[in-house]
There are 2 protein chains.
Amino acid sequence: MSQNSTGNIKQFNLGEGHRMTPQRRFVYEVLMNSKDHPTATEVFMRVKNKMDSISLATVYNCLDALVGVGVVRQVNVDREPSRYCGNLEPHAHFHCENCASVEDISLKDGAKPSNSLKLPRGAKVEKFEVVVRGLCPECALSIKTKKQLN
Amino acid sequence: MSQNSTGNIKQFNLGEGHRMTPQRRFVYEVLMNSKDHPTATEVFMRVKNKMDSISLATVYNCLDALVGVGVVRQVNVDREPSRYCGNLEPHAHFHCENCASVEDISLKDGAKPSNSLKLPRGAKVEKFEVVVRGLCPECALSIKTKKQLN
DNA sequence: ATTTTTATCAAGAACTATTCTAAATAATAA
DNA sequence: TTATTATTTAGAATAGTTCTTGATAAAAAT
């Protein structure tokens with residue numbers, strides 16, 4: 001318990017046999033302060049500003065640990081680099097094919113996307129992931145504008 | 001039009017500037033005859049039985065071409081190798097965390113998973129992907145049985 | 001306190017799915 | 001027939017991620 005950069009970030013421990021290290025705390029803090037969905041490399045660059053000695057491999061380790069404990073979500077879109085997300089509320093993701101941004105999409109109140117599926121009888125659902133692909137509002141607008149100019 | 005292994009598989013052409021080659025036809029046939037969701041390497045191995053000279057790079061090329069034309073779907077689950085699917089009906093996928101199988105899940109009649117989302121105003125949706133993760137009926141059963149034995 | 005055990009870190013090597021390159025081949029257009 | 005364009009192939013290259021190893025540090029046991 002020697003180092004503990006007590007900030008405004010929720011405290012938690014990682015359970016039996018797992019240690020809350022400065023590296024893990026920085027990675028967690030970066031994710032909580034990021035509204036975008038950074039990749040491991042992006043997290044690495046942001047943490048490096050606070051702790052220059054950290055390595056990319058350690059960021060991967062920390063992300064794995066945090067995902068394993070369930071305080072962080074790993075988001076995969078197609079085969080692009082994994083992104084990480086501190087929003088644990090059930091939600092979907094919108095992936096813009098033009099600017100490659102990934103944004104949270106919230107669910108309509110009480111709605112569950114899985115309700116529209118004929119799930120196989122006897123299957124045990126752990127979680128599900130909904131990814132919408134297309135053009136985000138900004139890109140949809142700018143592309144439409146560009147077309148008008150031609 | 002010199003080679004055309006006219007089988008029981010739907011005929012189609014790939015549009016201006018694209019040629020229907022024996023390799024592409026074999027890749028397509030393999031997908032139409034596969035109920036599982038083979039990876040590129042699995043498709044490669046299956047096609048190789050019919051055409052020994054084909055290379056993995058060609059299988060990737062053919063899959064890209066078929067996906068591009070829209071007669072085949074590419075399915076990504078987490079960061080596992082891409083899988084390919086000849087079922088063009090709108091449907092979701094179930095991914096078993098135990099046996100790693102991927103199965104189609106059909107939608108309830110008239111249901112659209114996107115109806116439960118608060119899509120950002122102005123966004124242009126191209127397509128969306130729903131992946132359910134958990135244990136398939138067989139694995140759920142066998143794991144439950146194994147627990148009882150302990 | 002000191003030792004022992006266990007977990008974590010860091011740097012770089014290794015891995016793997018996929019894409020790229022370049023030369024050969026084949027199909028289409030001129 | 002010639003020229004153009006698309007495709008195939010083998011292997012090299014790429015990129016995200018994981019693995020390996022030795023060092024460090026924290027926790028547990030003595």
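Modeller: Happy to! This is a predicted model. Let's start with Leu117(B): beyond its neighbours within four places in sequence, Leu117(B) is in contact with Ala92(A), Ile105(A), Ser106(A), Leu107(A), Lys108(A), Pro113(A), Val130(A) and Val132(A).

Biologist: What makes these pairs contacts?

Modeller: Heavy atoms within 4.5 Å are what counts, so Val130(A) and Val132(A), among others, have heavy atoms within that distance of Leu117(B).

Biologist: Which residues have the most contacts inside the largest nonpolar core?

Modeller: Leu117(A) and Leu117(B) do, in a core of 24 residues. At least two residues of this core come from each of β3 (91-96), β5 (124-135) and α4 (137-149) of chain A, and likewise from each of β3 (91-96), β5 (124-135) and α4 (137-149) of chain B.

Biologist: How do you know how the radius of gyration of chain A stands against a compact globule?

Modeller: The rule puts a compact globule of 150 residues near 15 Å, but chain A has 18 Å. The value for chain A is therefore above the rule's. The C-alpha trace spans about 60 × 50 × 30 Å along its principal axes.

Biologist: And what is the order of elements in chain A?

Modeller: From the N terminus, α-α-α-β-β-β-β-β-α, which comes to four helices and five strands.

Key
Residues numbered from 1 in each chain as written. Chains lettered and ligands numbered in written order. Predicted model: local features only at pLDDT ≥ 70, side-chain atom pairs only at ≥ 80, totals over all residues. Heavy atoms only, no water. Rg over C-alpha atoms; globule rule 2.2 N^0.38 Å. Core = buried A, V, L, I, M, F, W, Y, C linked by side-chain atoms within 4.5 Å. Buried < 20%, exposed > 50% of the residue type's maximum accessible area, 1.4 Å probe, protein only.
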